[in-house]
Amino acid sequence: MAVTAKTPQNPSRHPHLPNILPSKTHKLKTLKKFPHLLKNHQFSLRKPHEAAVLSTASSIDIRDPNSLIRHLCFHGQLRQALKHLESVQELRIPVEEETYIALVSHCEWQREGELGFRVYTCVLSEHARFGIRLGNALLSMFVKVTNLVDAWFVFGKMEERNVFSWNVLVGGYAKGGYFDEALNLYHRMLWAGVKPDVYTFPCILRTCGGVPDLGRGREVHVHVIRHGLGCEVDVVNALITMYVKCGDVGSARLVFDGMTKRDRISWNAMISGYFENGMCREGLELFFTMREVSVVPNLMTMTSVISACELLGDGRLGRVVHGYVARTEFGVDVSVGNSLIKLYSSVGYLEEAEMVFSRMEHKDVVSWTAMISGYEENGLPKKAVETYIRMELEGVMPDEVAIVSVLSACASLGFLDMGIKLHELAKRNGLVSYIIVANALIDLYSKCKCIDKALEVFLRIPRKDVISWTSIIIGLRINNRSLEALAFFRQMKLSLNPNYVTLVAALSACGRIGALMCGKEIHAHALRMGSGFDGILPNAILDMYARCGRMGPASNVFNTHKRDIFSWNILLMGYSQQGQGLLAAELFDRMTKSGVEPEEITFINLLRACSRSGMVTEGLEYFYRMKHKYCVVPNLKHYACVVDLLGRAGQLNDAYEFIQQMPMDPDPAIWGALLNSCRIHRQSELGQIAAQHILEMDELSVGYYTLLCNFYGGDGRWDEVARFRKMMRDKGLTVDPACSWVEVKGTVHAFLSGDDSHPQIQKINAVLEGFYEKMKETGGVGTESSSRNGVEDSKAEVFCGHSERKAIAFGLINTVPGMPISVTKNLYMCESCHNTVKFISKVVRREISVRDTENFHNFKDGVCSCGDEASWKTQLDEIELVKTYQQKQERKIGFLDFPTWEVLNKTVINWGNKTVISWG
């Protein structure tokens, strides 16, 4: 009976079978064409080693080639037997079916697919159709070596088929992952009138579970009952497995409870089924029931139970199970040890995990990987790296999971060199093709400030998943390339749906460059997708609005979502940046009255708000209450805030005395706060003391050199400014070029200092020149060249860059009159720019907001919200942010790599000979 089913798309060797591709043909060599063969074959029967074989078996008739071939097969000389078979065929001596069956069976047993096909070729030369025994032997052999194409051909050439024939082919399709084809073949078996047996149903039920297809599984269950096999243990075990794989644990339990006889496989199937479906407690209860009825668990049972304890996070129960398994024969098994290490690591019992690991006599790669992952997940990256080094010394080759764990540890520690070596190892071993390894490499290079290497890895991933996109977006964000991060986010949405982590990263990028409209789009997307209330996403939305200076929408988000301590801190940070100390104090009172306990970050934001609002008394009161009422131990950041609080108010001697009375040694940030206050209030002598302490503590942070240049420049000591500039060049320290972002009609435009490649640059310069002329007429000072010498011009250009002027001019050109303009800048705003923007806001009668590294400057009718006090102060927070990556050994990052407007707005990333363009 002809049967049709979808076969694997491999070339077929059989042109005369329907739906099979043309094949190679094997022609019989004839004695007439090769007359020398007869002599060779006669000689071959008398070779010494074969004669020895024959002499040990007197029952073998050397005149019977079939008997000789079978004898060679039974003695494991398969290749020699095949040579005799081919010689016999060339001599046109008939070969018995039993001989073929013996050869095929031994090819199957030794998994010799190529030799099996040679036997099959010989069979085809003699048989147009196959008998049931020979056909089944060929079927079984081809399925064993996963050659389903030839198995399908053999099946079609069989004169008759029994249930074994169908079982073998159905099993071959199922094992090869062709589940639909296996199920279709099962139904054709029923149509052919073949009755399934006890071997048919387990295979078909496993197939239903593999799809998974609960509907077909139930249908097969009916067939089991109809054919009277509902009491067969193997069949019922397969039914339980099918139901749990399809997620119907209730039906699986009904089948289990209805069994009159159970074996250990029955118990294991039901217990592991509970675990796989997240019902760990039910699975553990069944395990205890299993012990009560005196069924002895096996290795699979114990590893499943230990894994369930891990999923529950129940270390106490895990210890009990550990004690039980230690008294059994499985206590020394490596898989049990590996499961115990994972269990103890997941619940934070690292000492127990180390004890299990050290007592293992034989450790495999899973053992080492479990220990490395345990250290890394429990915040001990250094121990993870040390364990990996020990693993290397033991000669154990890491797998992809081990590589990922060590890469994560290296990223936490900043071990770039070791990460590069792991990258090379992954390349050599082919592990870099695993997407989890590639994603870990992106994270490593991003955190080690090698974002271009991260981009190289990302671009080479053939099929990027959500984690790949999220990793590169986060990497670009933390490397101050937020505009590119948003471009990658938009490109990602064309093919994949971002998860909430991706949305958080994109919102952070929006807040960094003031991309309010982009942030609103992401907020709307989150609401449409129903994820606007998931996890930390509400706080990320709140943070975006606060950083963009939109405290109204931020308050709405704050009042309409569930609040935690982070929500309160974010809103306090927003008021702090805007210098709204009174509102910050009111919010703090609301927070304490609602029962939320303040933490360290709460008081940092509160003290900053008081400092920027001149609320000295209130700030000192909060500092006192922090220690004595809320039991929050002040750290260096709190002390720096108090120094800044006193210094801004002109109480420099009190600030210096406060530093001297600190219970801990002050760090450069504290002396920097004092130095900045000395610059503002022209206190040269005390400023010199602060400067000396800074240089003694930190010579490699560009932020402090900027602060020193500002101090000496404000004191008129330009020779000192030049000296520090020279020191910066000698140490390889550079200031990131000024860059300002303005959002117009939902698109973010970036403007670099000194870059004139913008398409509208002539209009922008003309607008600015017009303002400069009007300022001169009114006696204002706005241009770089007005009343300042060359050294001061250079200072302002380096430490400010005046890029915000171009961004404002562009906004004026491309928006309707009266529309507010919002600009974000990566450096501080100098006095000249501050005066210029004040003048522009008065002339054009528009609200203009500029967020620099320290403050929000809201200009309206020629007045700034900062009261002209903080407009040219240096941002101490920026010093902390840039401290790490602007050392001598590190490369420059950020917008230095993207000098033109076209690159910034198209986000063109050149890598070798490839160019990837992501429109923003």
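Q: Which strands does a hairpin of four residues join?
A: A hairpin of four residues joins S4 to S5. This is a predicted model, in which local features need pLDDT of at least 70 and side-chain atom pairs count only at pLDDT 80 or more, while totals for chains, interfaces and linings use all residues. Residues are numbered from 1 along each chain as its sequence is written, and side-chain values use heavy atoms, with hydrogens and water left out.

Q: How many bridges join strand S4 to strand S5?
A: Two strands pair if DSSP finds at least two bridges between them. Helices (H or I, at least four residues) and strands (E, at least two) are DSSP runs, numbered from the N terminus. Here strand S4 (residues 848–851) and strand S5 (residues 856–860) run antiparallel and are joined by four bridges. Within this pairing, Ser-849 stands opposite Asn-858 of S5.

Q: Which strand is joined to S5 by two bridges?
A: That strand is S6 (residues 863–864), which runs antiparallel to S5. Phe-859 has Cys-864 in S6 as its bridge partner. Two residues lie between S5 and S6 in their hairpin, and Asp-861 in the turn has a positive phi of about 55 degrees.

Q: How many residues of helix H11 are buried?
A: Buried means under 20% relative accessible area, exposed means over 50%, and partly exposed lies in between (1.4 Å probe, protein chains only). In helix H11 (residues 200–210), nine of the 11 residues are buried, so the helix is largely enclosed by the rest of the structure. Among them are Phe-201, Ile-204, Leu-205 and Cys-208.

Q: Which helices do the buried residues of H11 pack against?
A: Packing is read from contact, that is, heavy atoms within 4.5 Å. The buried residues of H11 pack against helix H9 (163–175), helix H10 (179–191), helix H12 (214–226) and helix H13 (233–245).

Q: How many salt bridges does the count come to?
A: Side chains of opposite charge can pair when their charged atoms come close. A salt bridge is a side-chain nitrogen of Lys or Arg within 4 Å of a carboxyl oxygen of Asp or Glu. By this rule there are 20 salt bridges.

Q: Where in the chain do Glu-86 and Arg-118 lie?
A: The side chains of Glu-86 and Arg-118 form a salt bridge at 3.0 Å, N to O. This pair links distant parts of the chain, with Glu-86 in helix H4 (residues 78–90) and Arg-118 in helix H6 (residues 113–126), 32 residues apart. Glu-86 is partly exposed at a relative accessible area of 27%, and Arg-118 is partly exposed at 33%.

Q: Which residue forms a salt bridge with Arg-319?
A: The partner of Arg-319 is Glu-352, and the closest N and O atoms are 2.4 Å apart. Distant parts of the chain are again linked, since Arg-319 belongs to helix H18 (residues 315–326) and Glu-352 to helix H20 (residues 350–359), 33 residues apart. Arg-319 is partly exposed at 41% relative accessibility, whereas Glu-352 is buried at 18%.

Q: Which residues are linked with Asp-452 in a network of salt bridges?
A: Arg-481 and Glu-484 are linked with Asp-452 in that network.

Q: How many disulfides does the count come to?
A: A disulfide is a pair of cysteine sulfur atoms within 2.5 Å. By this rule the count is zero.

Q: Is Cys-678 buried or exposed?
A: Cys-678 is buried, with a relative accessible area of 1%. Cys-231, by contrast, is exposed at 68%.
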